[in-house]
Amino acid sequence: LLDREYSYYDYKYQDDVKLTPIPGSRLSYEFYNPHGRSDEKLYIIHSSFGERVLQFLQANYKHIVNRRYNPVSGRDFSYVPLVEDMEKYKPDTVVIVVNACLFKDILGLKLK
């Protein structure tokens, strides 16, 4: 698995999509696509399972907040800034894409 690369869909307007890194998070970005069909703001938090989904979402939404994390089962997930991000970005839609073995960790989050 370590020698595999992701294959990506080549979006017709890829050069028009703007990526802005989210400070303090190495793999998280805000996407802005002027050609997106939906004006709703999408928030997606995902592990590697979300990589293949994200490439199609960015073609359909004008604004996406993309939170990528690399979880380890059993690790404390309190570092995932869900509450802070909801207050800051005020998304219309939230998508969580994770491996099934991480459900117990995600569902165990203690939100304030």
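1. The buried residues of helix H2 pack against E2, E3 and E4. These residues are Leu82, Asp85 and Tyr89, within a helix that spans 82-89; buried means under 20% relative accessible area, exposed over 50%, and partly exposed in between, with a 1.4 Å probe and protein chains only. Viewed down the axis of H2, the buried residues fall within an arc of 65 degrees, so they line one face of the helix. The arc is taken from the directions that run from the helix axis to the C-beta atoms. Glu84, Glu87 and Lys88 are exposed on the face of H2 turned away from the buried side.

2. On the basis of these remarks: this is a predicted model, in which local features need pLDDT of at least 70 and side-chain atom pairs count only at pLDDT 80 or more, while totals for chains, interfaces and linings use all residues. Residues are numbered from 1 along each chain as its sequence is written, and side-chain values use heavy atoms, with hydrogens and water left out.

3. The overall layout comes to 3 helices and 5 strands, in the order β-β-β-α-β-α-β-α along the sequence. Helices (H or I, at least four residues) and strands (E, at least two) are DSSP runs numbered from the N terminus. Of the 112 residues, 40% count as buried. Among contacts (heavy atoms within 4.5 Å) with a separation of 6 or more, 60% join residues 24 or more positions apart.

4. Strand E2 pairs with E1 in the antiparallel sense over 4 bridges, and E2 pairs with E4 in the antiparallel sense, also over 4 bridges. Two strands are taken to pair if DSSP finds at least two bridges between them. Leu19 has Phe31 of E2 as its bridge partner, and Glu30 stands opposite Val65 in E4.

5. Ser28 sits in the loop between strand E1 (18-21) and strand E2 (29-32). Ser28 is buried, with a relative accessible area of 1%. Beyond its neighbours within four places in sequence, Ser28 is in contact with Thr20, Pro21, Ile22, Asn66, Arg67 and Arg68. Ser28 and Arg68 are 40 residues apart in sequence, yet their C-alpha atoms are 5.4 Å apart. A polar atom of the Ser28 side chain lies 3.2 Å from the backbone nitrogen of Arg68.

6. The largest nonpolar core has 11 residues: Tyr11, Val17, Phe31, Leu42, Ile44, Leu54, Leu57, Ala59, Tyr61, Ile64 and Val97. Strand E3 (38-46), helix H1 (51-57) and strand E4 (61-68) each give two or more residues to this core. A second, separate core of 8 residues includes Ile45, Val65, Tyr69 and Tyr89. A nonpolar core here is a set of buried Ala, Val, Leu, Ile, Met, Phe, Trp, Tyr and Cys residues joined through side-chain atoms within 4.5 Å. Not counting residues up to four places away in sequence, Val97 touches Ile44, Ile45, His46, Ser47, Phe49 and Gly50.

7. Lys90 deserves a separate entry. Lys90 counts as exposed, at 60% relative accessibility.

Definitions and conventions:
A polar contact is a pair of N or O atoms within 3.5 Å; within protein, one must be able to donate a hydrogen and the other to accept it, and residues adjacent in sequence count only if both atoms are side-chain atoms.
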